[in-house]
Amino acid sequence: MALAGVRVVELAGLAPAPFCGMILADFGANVVRVDRTKAGASMDTQARGKRSVAINLKTSEGVSLLRKLCVQSDVVLEPYRKGVMEKLGLGPEDLLKENPSLVYARLTGYGQSGMYATAAGHDINYLAMSGLLSCLGRSGEKPYAPLNLLADFAGGGLTCALGIVLALLERTKSGKGQIIDSSMVEGAAYVGSFIWKSRAIGLWNRPRGENMLDSGAPFYDTYRTADDEHVAVGAIEPQFYKQLLQGLKLDEDQLPPQMSFSDWPELRRIFSERFASKTQADWLRIFDGTDACVTPVLSLDQVSSHPHNSDRASFVKDSNGEESPRPAPLLSRTPAQACVNPGPLIGEHTVEVLKEYGFKSSEIEKMLTAGVVECSGVKAKL
Ligand SMILES: CCCCCCCCCCCC[C@H](C)C(=O)SCCNC(=O)CCNC(=O)[C@H](O)C(C)(C)COP(=O)(O)OP(=O)(O)OC[C@H]1O[C@@H](n2cnc3c(N)ncnc32)[C@H](O)[C@@H]1OP(=O)(O)O
C-alpha cells in the first residue's frame, strides 16, 4: 500500500483527527493511537486499522515515553487545543529537535494563531467562521449545517491527511520534517474555493437558497415521490434539462425559460406535482439510461445494494458485519485495504507496540505497575 512503512503516532481526539488517522491507516501507514489510561470505552469510531497504546501523559514517565515513540516515528498527529502539547513538553520544537525528520501535524479548529486559537469549538463554529455556513440553507430560513461533514472531515481530517502526505513527499527530497498547522476554518474555506471564485460569474448573487446550486433552482433539487422516497435532480445544462422535461412529459414551449429566476417557484411547483405522481422506482425506470441527471436519494442502508455501487464494491463490511465506505480514491497498483477488524480496545496493543519500539519487557512491566501505561483486552506476553 502507498503508505506502507510510515509510522504514525495519533493522539486520541474527537472526530477529525481520528478520520485523518484512519485515512493514513487505510492507505497502509502503521498508526498507533495514544489513549488515556483509565478511560473506559473508546469513542473513536474511525479506528479501522489502528492499534492502541494507553499512556498517562500526566506523569513525567508517560511524557518521556511518548517522546521516545515520536522520535522513532515519521508523523505525530495531535488534536488538542493550542498550547496543550507545549505544556506537556511535547511541542514541535522539542520533538523536531530530537527527530528533525518528524512531520508534526496539528489539527485544530482555528489554527495555532489568531484571537480564537485557544477557544473551544466544534464543526458548526468552524464552518460559520469559514463563511460557508452563511451560504447553506433554504430560502427564507436560517443557515443550516450539513451534518459535521465540511469542517470536521473535508476541511479537517482530509485536508490534514493531504498536508501529511505532502510533507512526507517533500521530506524525500529535503530529508526534513515540518509542522503542519491545519485549521478547520481554513480547510473548510479552501474546500469551498469554488464559491469564492465563482462569485464573479454571478453564481451567488441572490440571497441564500435562491441561487442555482443552493436549492434555488428547480432543476437542481430533490423531489418527493409517490412512495415517500426522494429523487435528486441535477439537470443544469440545457441538453440535460431537455431530457428531464421529456422524462417528466412536460412541454418546454409551455413552460417558462429554464433560467428565469422569477419563474423558479412556479417551475418547482410543477416539477413537485409531477414527481409526486409516481414512485421512485417508476422514475428510475424512466430516467436510468438517460442524461437527465436524475438519481435515487439512497439511504445509508440502501447504498451498497444499488447495482452501480455493488458493481464497484464501493462499500465494505468489517468482521462484525458493519458496513462502511471503501477507502477512496482507488489506486491501480497500490490500492488501500480497509482493515476488517473492529477498532482496538483502549490499550489493547500497549505491550506489542512498546516491544516493537525497542522497550524491554522489564521496562514495560515497570511502567504497567506504576500506572504509566495500561494494557487491556488480550493480554500480551511480556
Ligand atoms: C452528552 C455527551 C455525549 C458525548 C458523545 C460524543 C459523541 C461524538 C460526537 C463527535 C462530535 C464531533 C464534533 C461535532 C466536532 O466538531 S469534533 C471537533 C472538535 N474540535 C477540535 O478537535 C479542535 C481542536 N481541539 C480542541 O479545540 C479541544 O481539544 C476541544 C475539542 C475543544 C476539547 O477541549 P478540552 O476537552 O478542554 O481538551 P484540550 O484543551 O484539548 O486538552 C486536552 C487535555 O487532555 C490531556 N490529555 C490528552 N491526552 C492525555 C493522556 N493520554 N493522558 C492524560 N491526559 C491527556 C491534555 O494534557 C490536556 O490536559 P490539560 O492541558 O487540559 O490539563
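Me: Which helices and strands each supply at least two residues of the lining of the second largest pocket?
Reply: H1, S2, helix H3 (84–87), S5 and helix H5 (123–130) each do. Helices (H or I, at least four residues) and strands (E, at least two) are DSSP runs, numbered from the N terminus.

Me: What kind of model is this, and how are residues numbered?
Reply: This is a predicted model, in which local features need pLDDT of at least 70 and side-chain atom pairs count only at pLDDT 80 or more, while totals for chains, interfaces and linings use all residues. Residues are numbered from 1 along each chain as its sequence is written, and side-chain values use heavy atoms, with hydrogens and water left out.

Me: Back to the pocket. How much space lies in it?
Reply: The second largest pocket holds about 1200 Å³. Of its 46 lining residues, Ala12, Gly13, Leu14, Arg36 and Tyr80 are the closest to the centre. A pocket here is an open set of points on a 1 Å grid over the protein atoms alone, where a 1.4 Å probe fits, with protein on both sides within 12 Å along at least five of seven lines; lining residues have an atom within 4 Å of a point. Points are joined across faces, edges and corners, and the volume is the space filled by probe spheres set on them.

Me: How does the lining divide into nonpolar, polar and charged?
Reply: The lining has 26 nonpolar, 10 polar and 10 charged residues. Ala, Val, Leu, Ile, Met, Phe, Trp, Tyr, Cys and Pro count as nonpolar, Asp, Glu, Lys and Arg as charged, and the others, Gly among them, as polar.

Me: New topic. What is the strand order in the sheet of seven?
Reply: The order is S6-S5-S4-S1-S2-S3-S12, in an open sheet with mixed pairing. Two strands pair if DSSP finds at least two bridges between them.

Me: Why is one side of S6 and of S12 left without a neighbour?
Reply: Strand S6 (178–183) and strand S12 (373–374) stand at the edges, and each has a single partner strand, so one side of each has no neighbour in the sheet.

Me: And how do S1 and S2 run, parallel or antiparallel?
Reply: S1 (residues 7–11) and S2 (residues 30–35) run parallel and are joined by five bridges. Val9 stands opposite Val32 in S2.

Me: Which helices pack on that sheet?
Reply: Helix H1 (residues 16–26) is one, touching S1, S2, strand S4 (75–78) and strand S5 (103–108), with its direction at about 165 degrees to that of S1. Helix H2 (residues 60–71) also packs there, touching S1, S2, strand S3 (51–55), S4 and S12, at about 145 degrees to S1. Contact means heavy atoms within 4.5 Å. Axes are lines fitted to C-alpha atoms, for helices over the stretch in contact, and angles run from 0 to 180 degrees between N-to-C directions.

Me: What about the three-stranded sheet?
Reply: That open sheet has the order S7-S8-S9 with antiparallel pairing. Strand S7 (220–224) and strand S9 (294–296) are the edge strands, each pairing on one side only. The twist averages 25 degrees from one strand to the next.

Me: What joins S7 to S8?
Reply: Five bridges join S7 to S8 (residues 230–234). The S8 bridge partner of Asp221 is Val233. Helix H11 (residues 280–287) packs on this sheet, touching S8 and S9, at about 140 degrees to S9.

Me: Where is the cis peptide bond?
Reply: The bond from Ala328 to Pro329 is cis, with omega near 0 degrees.
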